[in-house]
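Here is a short tour of a few local features in this model. Please have a look at the sequence and the fold before reading on.

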Amino acid sequence: MKKEYYEKIIEELIKLIDEGVYIVDKRGVGRFYNDVMASMEKVNMEDVLGKKFHDAFPEMRKNDSTMLKALIKAEATVGQQQSYKNFYGKEITTINSTVPIMVEGETVAAIEVAKDITDIRRMSDTLLELQKSAEKPVQNKGVIKRYTFDDIYGENEDFEIALSRARKAADNDASVFIYGETGTGKELFAQSIHYCGKRKDKPFLAQNCAAIPESLLEGILFGTSKGSFTGAVDREGMFEQANGGTLLLDEISAMPYDLQSKLLRVLQEDYIRRVGGMKDIPVNVRIIATVNEPPEELIAQGKLRKDLFYRLNVVNIQIPALRERRDDIPRLAERFLEKFNERFGKEIWMLSDGVIKRLQNYDYPGNVRELENIIEQAVSMGENEHVLTEKNLAMPSAVRKIRPMEIEYEGDVALDRYMDQVEAKIIRDTLLDSGGNITKAAEKLQIKRQTLQHKLKKYKLTT
C-alpha cells in the first residue's frame, strides 16, 4: 500500500475519535489535527497544520509541553493535566496523553490525545470556593437545610438498629462507614451524626467521589500548590476546609485505587500534602464514607481497597432498603403527605387503604427518595379532595416495577432491526432501574460509559 494511502487512512480514523488528536513529525511540524482538537482549542486547522508546534502555540512554555517532551526526550506522558493559552489567547485545560513514535531507536513523530476539561476545571475551582465560604454566616440569605435525627423516620426493627448505631456514633470521633442502596438516606444519617455530635459547630463538607473526574478529585480533596501543573495556584482542598469538622465521602468506591491509598495515609498520619506541594499540613477531620453496593463485593471487584475499608469501618452502619422495611411505608408516606400539603397549599388529610396497599406492594428501586417523589407528584396533582385515593396515584412509567423482557422473534422484521429493538429496550429498562444514572447503567450492562452514550444517541433515548 502506498504511503499516501496510509496517511489517508489515519486522517479518516482520527476524524472518528471523540478526543482531540494532534500528530507532529520529528521536526515538530503538525501533520494531522482533527476537528475535535480544533474545536477544543478554538483554532483553525490552517493555523496548526504545516506549522511547528511552538509557532502554533506560542504561549506554551517549552518545559511544560508534553509534545516537546515526547519529541526531544522520547518520554511518554499519560493522563497529565495541562493548562495553556491557544493561538488566540484563550486559556484551556486538558487531560493529555502524549507518546513518541519510535523507529529503530529514533523519534520520528509524536501523537497527542487530549480531553477538554476547561469547564470541569472551572467548575471544580468554583466548587472549592463555594465550599470555603459555605460555613460562613450570610446575611439576608436562605439557610441551607441541616438534618438531624429528628428528621429521620422509621420504626422497623432493622432500621432502628441502624439508627441506634448512628446515634452512638455521634457521641465519638471514630470513622464511620455507611452502606445503603441509592435513596436510603445515607447523607441524612451522615449529617445527623455530625450535627448531633461535638463537631456540630465545625464544617460539614460532602463530596460525591463519582461526580468528579479522577484527574481533578485529588486536587479537590487535598488542594493544589502553585506550579504543580501549568496554571495551578495555591488552593485549599476539602480536607483543609473541613478541618475540625466532618468530611463525607459519598460513593468512595468510585475514588481511583491509587488515590484511595493516599487517603489511607492521611487517615493514619493526620496530615495532608497538597498536589505538587512539599509541606505537610496537619488536619483533624472526621471521615464518614458511604457506598451503595455491598462493600465485600466492591472489595472483590477491586473497586475498594481492603485496607482502607478496615480503616474506615470503625463504626459500621447498614441502612436497610425500603422493600426490607415495608412496615415503615405508611408512616413515611404520611410524613411526606404533610410536607407536600404545606408546600403546595393542599389539605389532603389522609391516604386511602387502597393507596397504602398499593404503595406497600411496590419494590422501590429508588427507595425512600422514590416514595417521596411518588407522594409529591400525587399531592401536587391533587384537587380539592381530603383523601388521597388510587386515582391520584398515577405511577409514571419511570417508577413502575420493571418486568423481565420476554424475547419472541416471529420473523416479521429484519433480524438486525429486531436486535436493535431488543438492545434499545434492554438499555431503556436498565436506565430506569439505575434511576437514570448513565455510569451505573453502563456498569450493569458491562460496557463503557462512552459506549452507552453512543447507543443512547443511536436509539434516541433520553435520561
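## A buried serine

Ser 175 is buried, with a relative accessible area of 10% (buried means under 20%, exposed over 50%, partly exposed in between, with a 1.4 Å probe and protein chains only). You will find Ser 175 in the loop between helix H6 (157-169) and strand S6 (176-179). Beyond its neighbours within four places in sequence, Ser 175 is in contact with Ile 287, Arg 311, Leu 312, Val 314 and Val 315 (contact means heavy atoms within 4.5 Å).

## About the model

This is a predicted model, where local features need pLDDT of at least 70, side-chain atom pairs count only at pLDDT 80 or more, and totals for chains, interfaces and linings use all residues. Residues are numbered from 1 along each chain as its sequence is written, and side-chain values use heavy atoms, leaving out hydrogens and water.

## One side of H14

Helices (H or I, at least four residues) and strands (E, at least two) are DSSP runs, numbered from the N terminus. In helix H14 (residues 353-360), the buried residues are Val 355, Ile 356 and Leu 359. They cover an arc of only 100° around the axis, so they sit on the same side of H14 (the arc is that of the directions from the helix axis to the C-beta atoms). The buried residues of H14 pack against H13, strand S13 (350-351), H15 and strand S14 (387-388). On the face turned away from that buried side, H14 carries the exposed residues Asp 353 and Lys 357.
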